[in-house]
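Subject: Structure handover

Hello,

Please find the structure below. My notes on it come after.

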Amino acid sequence: MYRKRIPLLPLLPIALLFPLTTACGGTADADGDAKAVTVTVGYQSKTINTVTAGTLLRSLGYFEEELAARGKKDGIAYKVEWQDYATGAPITAQMTAGKIDIGSMGDFPLLINAARGKELKQPTRLVAVTGYNLRGGLNTVVTAPGSPLRSLADLRGKKVSTSVGSAADGTLVRALQRAGIDPDKGIRKLNQQPSVGASALAAGSADALSQFVAWPGKLAFEGRATALYDGAELNLPTFHGVTVRERFANERAGVLDDFLRAQRRATDYLRAQPVAAAESVAEKTGLPTEVVYLYNGANGIATFDPELRPELIAALKEDLPVLQAAGLVRDVDVDAFVDPAPLKRAVRASAYPKAGTVKPELWLKGETTTRTYDSPEELLAAAKGADVRAAYVPDALTGTLWFADKAVWVEDGSELRAFVTRASAEKFTGRNAGARIIRYADAVRLAS
């Protein structure tokens with residue numbers, strides 16, 4: 001059992017490095033009526049399954065448009081201040097200080113957000129979802145290329161970098177427990193920001209890195225990491241969501257409605273124009289467009305829908321004991337934290353379809369759309385001799401989308417199967433006589 005207690009929010013002091021700004025304050029006239037209001041939004045630009053409440057939303061200007069329309073009606077000049085952070089911890093710190101009104105973060109940080117808000121008399125509410133994966137595929141454990149580590153069992157006694165209190169840390173804890181490894185005593189955990197952990201992995205000061213979107217995909221795409229464990233193997237939902245200060249929600253209910261309407265518009269845009277959305281996010285973040293599309297594309301690892309789905313709320317309740325065992329929170333009333341009323345008030349019921357079967361996808365250079373195929377063999381055949389920008393293929397077991405040239409391929413009779421990790425491929429070949437692991441180049445050659 002993972003019971004060691006560690007200091008609350010070890011990443012939280014980082015927030016003190018950032019200047020505090022006045023949120024939703026404004027200028028008042030002699031009668032005390034606000035004439036100017038600043039709404040402060042905290043987001044994580046490189047956590048790209050939050051883009052509909054952050055990076056993409058900001059670039060599209062939808063929130064500003066909604067507020068401009070409101071300002072014409074009520075005579076108030078609204079301004080949006082966007083604050084970008086690497087993780088959810090500093091956003092929570094600023095929200096509990098009354099300096100950020102609306103923020104987006106992952107499921108585990110959301111629980112910490114709820115706990116800190118209650119403790120510091122600055123309660124918050126979860127009002128919408130951004131992106132989710134029902135199996136947990138948004139978090140991945142990776143190793144350096146050429147590492148002798150082949151499975152989670154090999155992490156015993158090794159140094160593993162993660163961000164304590166994050167969804168990626170939650171995945172690591174659960175995965176180690178399932179592998180029979182004590183998450184406290186079985187490894188040497190390094191509590192690091194994602195970028196620091198990536199550098200540690202490259203320098204050899206960390207043997208593995210457990211992180212959330214988009215770090216695993218980015219490192220794999222750049223040839224700087226190999227997937228060791230696919231979070232979707234846990235088969236537990238993971239998601240990011242939008243949280244708001246309760247006081248702000250009560251005092252500026254209309255502004256919150258505007259934000260949720262703008263988020264819904266950004267979600268519609270992303271789903272209708274996934275390539276254009278990926279290119280926009282890549283331009284703003286510096287991330288490779290191909291990596292953004294891996295997560296946010298038409299068949300991407302993340303599904304975007306603002307709805308507070310029951311299975312996601314149920315997963316949030318299952319996350320709570322992990323944080324409690326780590327000493328990061330004491331108690332959280334999840335049902336009281338989740339508030340579906342603003343979303344229902346602001347937008348009509350979601351008509352988005354549920355995430356379906358993930359299909360292979362091919363993106364050719366010079367094209368502004370991708371091509372979808374019914375099987376890995378069809379994808380590989382189409383890639384032969386083509387000028388490929390990126391090829392994506394789902395894991396044969398978990399459905400997690402991955403780069404075709406980074407996947408582990410298995411020849412199984414007349415079928416070709418792809419896996420995110422070698423451990424999964426070896427498990428498959430061990431259970432299927434005649435199946436064998438082959439190189440990507442051989443898979444392309446065999447495709448007809």
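Predicted model: local features only at pLDDT ≥ 70, side-chain atom pairs only at ≥ 80, totals over all residues.

Residues are numbered from 1 along each chain as its sequence is written, and side-chain values use heavy atoms, with hydrogens and water left out.

Nonpolar cores

In soluble globular proteins, nonpolar side chains tend to be buried together. A nonpolar core here is a set of buried Ala, Val, Leu, Ile, Met, Phe, Trp, Tyr and Cys residues joined through side-chain atoms within 4.5 Å. Buried means under 20% relative accessible area, exposed means over 50%, and partly exposed is in between (1.4 Å probe, protein chains only). The largest core has 77 residues, and Ile48, Phe63, Phe259, Tyr295 and Trp409 have the most contacts inside it. Its largest share, eight residues, comes from helix H9, residues 253–272. Helices (H or I, at least four residues) and strands (E, at least two) are DSSP runs, numbered from the N terminus. A second, separate core has 32 residues, including Val164, Leu320, Leu323 and Leu328.

Contact means heavy atoms within 4.5 Å. Leaving out residues up to four places away in sequence, Tyr295 touches a list of residues that includes Ile48, Leu138, Val213 and Trp402.

Aromatic rings

Rings of Phe, Tyr and Trp (its six-membered ring) pair if their centres lie within 6.5 Å; planes under 30 degrees apart count as stacked, over 60 as edge-to-face and the rest as tilted. The structure holds nine such pairs. Tyrosine 43 and tryptophan 82 form an edge-to-face pair, because their ring centres are 5.7 Å apart and their planes are at 85°.

Where is isoleucine 187? Isoleucine 187 sits in the loop between helix H5 (167–178) and strand E8 (188–191). It counts as buried because its relative accessibility is 5%. Beyond its neighbours within four places in sequence, isoleucine 187 is in contact with residues including Leu155, Val160, Leu172 and Ile181.

Salt bridges

Side chains of opposite charge can pair when their charged atoms come close. A salt bridge is a side-chain nitrogen of Lys or Arg within 4 Å of a carboxyl oxygen of Asp or Glu. How many salt bridges does a search of the whole structure find? The search finds 29.

In one of them, lysine 189 pairs with aspartate 169, the closest N and O atoms being 2.7 Å apart. Lysine 189 is in strand E8 and aspartate 169 in helix H5, 20 residues apart. Lysine 189 is partly exposed at 23% relative accessibility, whereas aspartate 169 is buried at 6%.

Aspartate 257 forms a salt bridge with arginine 345, with 2.8 Å between the closest N and O atoms. Finally, a network of salt bridges links Glu65, Glu66, Arg70, Asp258, Arg261 and Arg265.

Regards
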